[in-house]
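Here's a quick briefing to keep beside the viewer. Have the sequence and the model open while you read.

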Amino acid sequence: MKQPDPQNKQAEPGPDQELIYTNNRELFYHFDPEKKEYEQRVGYQHSANQVIIKQSWDVVEERLNEVKEQVIRGELSPIAWYMEKNLMEVPMLAEYTGFWKRTVRKHLTPKGFHKLDGKSLNKYATIFNVSTHQLQTPEF
Amino acid sequence: MTNIKMDFEHRQAGHCESGVTSNLLNYHKLKISEPMVFGIGAGLFFSYLPFLKMQNAPVTSFRVWPGMVFDRSTRSLGVKTKIHKFKDQKASMEMLDKVLADGLPVGLQVGTFHLPFFPPEYRMHYNMHNMVVYGKEGDMYMVSDTVVEKPALISYDDLLRVRFAKGPFSPAGRMYYPCSVPHTIEIQPLIVKGIKKTAYNMVGIPFSLVGVKGIRYLAGRMRKWQKLYGDEKASYYLGQVLRMEEEVGTAGAGFRFIYGAFLKEAGIVLKHDGISEAAIEMGINANRWRDFSYLGSRNCKKRAKPEESYDMLADILLDCADKEEKIFKKLSGIKL
């Protein structure tokens, strides 16, 4: 199969595309091949790049929804949902709490979660920046 | 503690570490641009490490290890610096207060997930971000973050939290600052040294996952992604490469623009035609990288069929690899 010649394939800037994120303007460098000059411009991230930033958030959201369903079905504890919401994985949560990884894994099950004492609940709540009540009854 | 505010100039930058270094040195009356710091610190690199996974995708990196640009550039310039890491969280804040009271702005390594003034779309667990603290008012610290448009404020508790973020590359309260800066610096040999170091990193290391060879290896792998992993995962893997290339703190095209700007400045300082030519070639190369990311991003839209073939994207990578090989082979032989 003949491939398109990469030399001729160029990306056109797409200013007409809608921007997803407009919270902050950053500094970007550019090169003008005609003037042979570099310049710095402050602006929003290019729409094409915003697509790839959104891609990683979409993946996060999808995973979070899956975990939510599992919590509702009683297969996982609310800690699993909060962990996902804070983009954490077991090793990181273990580091934050000071528990062993296998202890954290136990707390991700509803059975292990119900055995948690007030002190441990508080620890998780502080890390997730919620009250212990919110931790026990998450508002999805 | 009394209130402190230093006359620190907040300047946005393309790359947090080079920007912070440049801004800190600027405070100490050493005028040096961000690209110059990046070049002397030999920040440009490429590595593709498929056996390491980050966010469930192979690690791709366009620059050297975090912290190296500050270390290398300041050491090279003969700037005296201090670097501290902490186990004790309170001690780290006391040390920060003490250095601020001495009238020195401080660079901090922080995690971005809990950084309140950071744009929300970038708040992932990224622990290698850098920013400067240059003052304190009551419980609030004054921060200059090169990503953000204006100087910001952060509370004691929040600052403690981001300084002791956990996970890979955790900052452990790392703080660093220049304490004395030489009056005169002969910059020419430092530039040449930096260029040669980068040239070696890009074309001299006999290992197939780094430098120009690494770019070619990635191109080869990319052709197989769709067959091996299916559309969705291929798209995610590609997205991960592009995020490393274009997301916050690269100034675009995986630091290639910033490096080209350095070569441009170097060519003028050294009055060296070869380097000035390389600067133009690097700019053209950076624009190719940008084509790669703009075209590639079309494969990363939600639930969309890939619009561009992975073979074509891989061909652009090979084109970039050829260009960089040519540039750095030439640069490795430069003489003053």
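What follows is a short tour of both chains, of the place where they touch, and of a few single residues.

This is a predicted model: local features need pLDDT of at least 70, side-chain atom pairs count only at pLDDT 80 or more, and totals for chains, interfaces and linings use all residues. Residues are numbered from 1 along each chain as its sequence is written, while chains are lettered from A and ligands numbered from 1 in the order in which they are written.

**Chain A overall**

- Chain A has 7 helices and 2 strands; these are DSSP runs, with helices being H or I of at least four residues and strands being E of at least two, numbered from the N terminus.
- Reading from the N terminus, the order is β-β-α-α-α-α-α-α-α.
- Of the 140 residues in chain A, 29% are buried. A residue is buried if 20 or more other C-beta atoms lie within 10 Å of its own, exposed if 12 or fewer, and partly exposed in between, with C-beta atoms placed from the backbone.
- Take the contacts in chain A between residues at least 6 apart in sequence: 46% of them join residues at least 24 apart. Contact here is when the C-beta atoms of two residues, placed from the backbone, lie within 7 Å.

**Helix H1 of chain A**

- H1(A) covers residues 47-72, which is 26 residues, and spans 37 Å from its first C-alpha to its last, close to the 38 Å expected at 1.5 Å a residue. That expected span is 1.5 Å times one less than the number of residues.
- Its buried residues include A:Ala48, A:Val51, A:Ile52, A:Gln55, A:Val67 and A:Val71.
- What covers them? The cover includes helix H2 (78-85) of chain A, along with helix H7 (211-246) and helix H9 (273-297) of chain B.
- Just past H1(A), A:Gly74 has a positive phi of about 80 degrees.

**Where the two chains touch**

- On the chain B side 47 residues are in contact with 33 residues of chain A.
- H7, H8, H9 and H10 of chain B are the elements that each give two or more residues to that side.
- H9(B) gives the most, with 11 residues.
- Sorted by class, the chain B side has 21 nonpolar, 12 polar and 14 charged residues. Ala, Val, Leu, Ile, Met, Phe, Trp, Tyr, Cys and Pro count as nonpolar, Asp, Glu, Lys and Arg as charged, and the others, Gly among them, as polar.

**Helices in chain B**

- The axes of H6(B) (residues 188-204) and H8(B) (residues 256-270) come within 10 Å and cross at roughly 140 degrees.
- The two helices are therefore oblique to each other: under 35 degrees is roughly parallel, over 145 roughly antiparallel, 65 to 115 roughly perpendicular, and the rest oblique.
- In this pair, B:Gln188, B:Ile191 and B:Ile195 of H6(B) meet B:Ala266, B:Val269 and B:Leu270 of H8(B).
- That contact has 5 nonpolar, 1 polar and no charged residues.
- Over in H5(B) (residues 156-163), B:Leu159, B:Arg161, B:Val162 and B:Arg163 are buried.
- The buried residues of H5(B) pack against helix H4 (89-101), strand S5 (106-110), strand S7 (140-144) and strand S8 (152-155) of chain B.

- B:Lys323 sits in helix H10 (residues 310-332) of chain B, and it counts as partly exposed because it has 19 C-beta neighbours inside 10 Å.
- Leaving out residues up to four places away in sequence, B:Lys323 touches B:Glu281, B:Asn285 and B:Arg288.
- Most residues other than glycine have a negative phi.
- A:Leu87, which is not a glycine, has a positive phi of about 55 degrees; look for A:Leu87 in the loop between H2 and helix H3 (90-97) of chain A.
- B:Lys29 isn't a glycine either, and its phi is positive at about 65 degrees. B:Lys29 is in the loop between helix H1 (16-27) and helix H2 (34-40) of chain B, and is exposed, with 8 C-beta neighbours inside 10 Å.
- A:Ser131 lies in the loop between helix H6 (118-128) and helix H7 (132-136) of chain A. A:Ser131 is exposed, with 12 other C-beta atoms within 10 Å.

Note on methods:
Axes fitted to C-alpha atoms, helices over the stretch in contact; angles between N-to-C directions.
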